[in-house]
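Please open the model in your viewer and keep the sequence panel beside it.

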Amino acid sequence: MFIDLDLLTGKSNAHLIPFRGGPFLVHQKMHDALDKMFSKALTDGFDLTLMSSFRSFEMQQKIWNDKALGLRPLLDSNSCPIDISTKNKEEILFCILRWSAIPGGSRHHWGSDIDLFDQRSKPFDYNVQLIPSEYEAGGPFFESRLWLDEHMEEFGFFRP
């Protein structure tokens, strides 16, 4: 069996197609199921919107480096900012790993891992952060999370 290391590590996008013709690339084998799930959600009152999908090795590396350099926020398990000036290199490494994969090791490289939210529930001028509280009771995307809990397996999706 041949395993394409470039595909696994985000150095190739030959396995991807644009989702609904837009800017987000997804694995070609999941496109139709994702399209059907988004259509069903819309019928049920949710406007699911991709926030991220495929990430190249270079993009994952930029995210990683920006966090290591303090250019992007590092969050603890409760989604609270961490002051990296109080951390040594090993501690920073583990803080980054809480929310981000090492470049070359992200499921986003495969084009099968996606982050999404419900556009209809997004408050005006709200910056989606993709943190747990947004999807928990009281959060703007709680109802869409419940919908996904109930329906995503019908379309072949699950949370890893």
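What follows is a list of selections, with a note on what each one shows.

This is a predicted model, in which local features need pLDDT of at least 70 and side-chain atom pairs count only at pLDDT 80 or more, while totals for chains, interfaces and linings use all residues. Residues are numbered from 1 along each chain as its sequence is written, and side-chain values use heavy atoms, with hydrogens and water left out.

Along the sequence they follow the pattern α-β-β-α-β-α-α-β-α-α. Show the C-alpha atoms next, which fill a box of roughly 50 × 45 × 25 Å along the principal axes.

Now turn to the largest pocket, with a volume of about 1,700 Å³, the volume being the space filled by probe spheres set on grid points joined across faces, edges and corners. A pocket here is an open set of points on a 1 Å grid over the protein atoms alone, where a 1.4 Å probe fits and protein lies on both sides within 12 Å along at least five of seven lines; lining residues have an atom within 4 Å of a point. Select Arg55, His108, Ile114, Asp115 and Leu130, the closest to the pocket's centre among its 43 lining residues.

Finally, colour helix H3 (57–68), which gives the largest share of the lining, three residues.

How values were computed: Helices (H or I, at least four residues) and strands (E, at least two) are DSSP runs, numbered from the N terminus.
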